[in-house]
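Welcome! Please take a moment to look over the sequence and the model before reading on.

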Amino acid sequence: MALHARRKRPPFEQRNYLEKVKKQEEALEDKETPKLKKRLMLSVLLLLVLMYFSMGVVMWNWPPGIGEAGSASGGLTAPAIAIIEMVLAAVIMYINRNFFINGFRGLMHGGPNMDTLVAMGSGVSFLWSAYVLFFEIIGGMNGSVSVSLHDDAQMASMHRLYFESAAMIVTLITVGKMLEAMSKGRTTDALKALIKMVPETAQVERDGEELIVGIDYVREGEVVVIRPGERIPVDAEIIEGSTAVDESALTGESMPVDKSVGDTVSAATINKSGFIRARATRVGEDTTLAKIIDLVSDAAATKAPIARTADKISGIFVPAVIAIAVAVFVIWMLLGAGTAAALERAIAVLVISCPCALGLATPVAIMVGSGVGARNGILFKTAASLEHTGRIEIMALDKTGTITGGDPKVTDVFTCKGVDKKELEEVAAAIESRSEHPLARAICEHFGSTTMRISDFEEAPGGGVAAFTWVGSDAVRIAGGNATFMIKNKVSEEDMEHIQKETEEFSHAGKTPVYFCKGRKLLGVIALADSVREDSKAAIADLKSLGIRTVMITGDKQKTAEAIAAEVGMDEVVAEVLPDGKEEAVRKLMEQGRTAMVGDGINDAPALTRADVGIAIGAGTDVALDAADVVLTGSSISDAVKAIKLGRATLRNIHENLFWAFFYNILLIPLAAGAYTAIFHGWTLSPMIAAAAMSLSSFCVCMNALRLNLVKLS
């Protein structure tokens, strides 16, 4: 299996594949969470001290309490407590200065963001509190530094300080940011797991010796040695030995696959049992594993069309929230609520709004969906292909190599009257053993070897094969082929007429009849057909249960195509078409609904490119794989069903995230603004609670996206 056309390299060139892998791994490392944890720990520690003074001392008179300056009772004056609160809040805000730097930078460049709202909410709280401290508490003392619990004016001013809110807002948002970073870090788990599977060394044969070399130094064509339990280092073809290979890392299938001489093995799969020697066919960044890593990484880095819509909404949302906050302040001032109350509600509006949830709704779901696909052998080249797969209404499928296995199999054996079946089988096996035709190979595989000796073998292209065998001391001509070839070999017309009914039935069933004769005597007919894959019928049924219309597009004969289509339950058949005919058929289907094309050959490439979503079976050609939007590393169309289920689940998850983000904002912005005060008997929302709710919103979006890991595709 290959994911892209191989690039030729000089045989002794040193590669830097491992270096590239390490850079990819470093790029995925969660560097943000440790920083946020450190910020959060310092913020919480100082916030606890701040809350002790703002609530414990001021509200409940905890030690050292509030007292008069110079009095024997001790205690701190109100200005002293307020200054302590201001200093602590300023330090916490400095620790979380990124909010202010990013927020005001975005505002200055005309692109306000979530950090802008947080910075404005926290900053306004701090500046208002500083105003109250200097102009009301200190300025209102008229030269006296005496204040007590009975000084109502001073105590009223103390209760209008929002230093703890300013500090609490950035601290709670940091909690949300950390949880969000941790959740987003988990979305790359699948990609990290793939990277960790990249082998670092390989055991190769050079000059008659076995050497362990770095993976960058393995050359194409070189023989690698893999013992039981070892991870296969490169894509290779087995030249000695047999084994069972665990391919779950690439295909998602848990059952090991038997491999022997001539079979291919892929890098990162595990040799479970036997000792094998294999010739490297793809090394370094040309291996299947490397291409999978690149595809998953690229898909996560791209944006789905629905994400662009969310980005546009977010770009309008932040300025709108700032305008709403200003309007709320003005309205409450006009209603006579007072500056402090009006500011509190305006700040709550700024802080409660969550454009972050809108921005996260799509990318985290795409990242998780791409990872789930990779674990199941489904590779989406872009985020758009993942989204489009979830919208498919019509599925067009190639026949050979997709619905069928691509290899003919013997389906029926019919003998003429008076002929021993064993004799027919011996003649067929003997004469076809000299031919390389696919039908001949299928007959030999089915009947095995024979002791019948033959000579003077000849092959007539498009007709059949003939030879001589011995019956006693007499040489007798034997032949196998189509009806025309039998007539050329002077087979009895009576015998041909006798089996005409059966051969017509074979043809109508999409089977190919091969006649065999001995002398002029017709022995019988062996029927062959391109066998349907074991799971094709179930996969087609699954597609139809999803409401998807299925269409077979093939270059095969109409009768054969119709027979296969009837067997697996296809809705429609388009047969006897060339590659450009397949592309035209897909074009017409696209006029009726969103169409996916599934194929594996070079002749499928135009149709794969034309379709809304091109899906390439992984065992197909490099050209087909390059033309596709989705690559299935396995060779079963049941994986195409899984791709659609995953696409739909991801799209549904994105819609859920967007709904939550909109619902949250539509419900809570009016609450923060005080719109429900009259209806619900004084319901209001403090800036601190608003900050907690905003953080929770982003966290919920990330956690909902992670639910995609639980989706059952089988």
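What follows is a short tour, from the whole chain to a few selected spots.

This is a predicted model, in which local features need pLDDT of at least 70 and side-chain atom pairs count only at pLDDT 80 or more, while totals for chains, interfaces and linings use all residues. Residues are numbered from 1 along each chain as its sequence is written, and side-chain values use heavy atoms, with hydrogens and water left out.

**The whole protein**

The protein has 28 helices and 22 strands; helices (H or I, at least four residues) and strands (E, at least two) are DSSP runs, numbered from the N terminus. Of its 714 residues, 52% are buried (buried means under 20% relative accessible area, exposed over 50%, partly exposed in between, with a 1.4 Å probe and protein chains only). The protein exposes about 31900 Å², and carbon and sulfur atoms supply 57% of that area. Accessible areas come from the Shrake-Rupley method with a 1.4 Å probe, and for residues only the protein chains shown count as cover. Among contacts with a separation of 6 or more, 70% are between residues 24 or more positions apart; contact means heavy atoms within 4.5 Å.

Helix H28 (residues 687-706) has 20 residues and reaches 29 Å from its first C-alpha to its last, close to the 28 Å expected at 1.5 Å a residue. That expected span is 1.5 Å times one less than the number of residues. H28 is largely enclosed by the rest of the structure, because 14 of its 20 residues are buried. In H3, the buried residues include Ile-81, Met-86, Leu-88 and Ile-92.

Is Lys-399 buried or exposed? With 1% relative accessibility, Lys-399 counts as buried. Lys-399 lies in helix H16 (residues 399-403), and the residues it touches include Asp-530, Asp-556 and Ile-564. The C-alpha atoms of Lys-399 and Ala-565 are 8.9 Å apart, although 166 residues separate them along the chain.

**Strands**

An open sheet of 3 strands runs in the order S6-S5-S8, with antiparallel pairing. Its edge strands, S6 (257-259) and S8 (270-271), each pair on one side only. Strands count as paired if DSSP finds at least two bridges between them; S5 (residues 243-246) and S6 are joined by 3 bridges. Elsewhere, S13 and S14 form a hairpin with 3 residues between them, and Gly-462 in the turn has a positive phi of about 80°.

**Salt bridges**

A search of the whole structure finds 19 salt bridges, each being a side-chain nitrogen of Lys or Arg within 4 Å of a carboxyl oxygen of Asp or Glu. Here are some of them.

| Pair | N to O distance |
|---|---|
| Arg-227 and Glu-210 | 3.1 Å |
| Arg-549 and Glu-572 | 2.6 Å |
| Lys-642 and Asp-639 | 3.7 Å |

Lys-642 and Asp-639 are separated by about one helical turn, because they are 3 residues apart in helix H27 (residues 638-673). Lys-642 is buried at 10% relative accessibility, and Asp-639 is buried at 4%. By contrast, Arg-549 counts as partly exposed at 23%, and Glu-572 counts as partly exposed at 31%. A network of salt bridges also links Glu-583, Glu-584, Arg-587 and Arg-610.

Terms used
Lists of a residue's contacts leave out its neighbours within four places in sequence.
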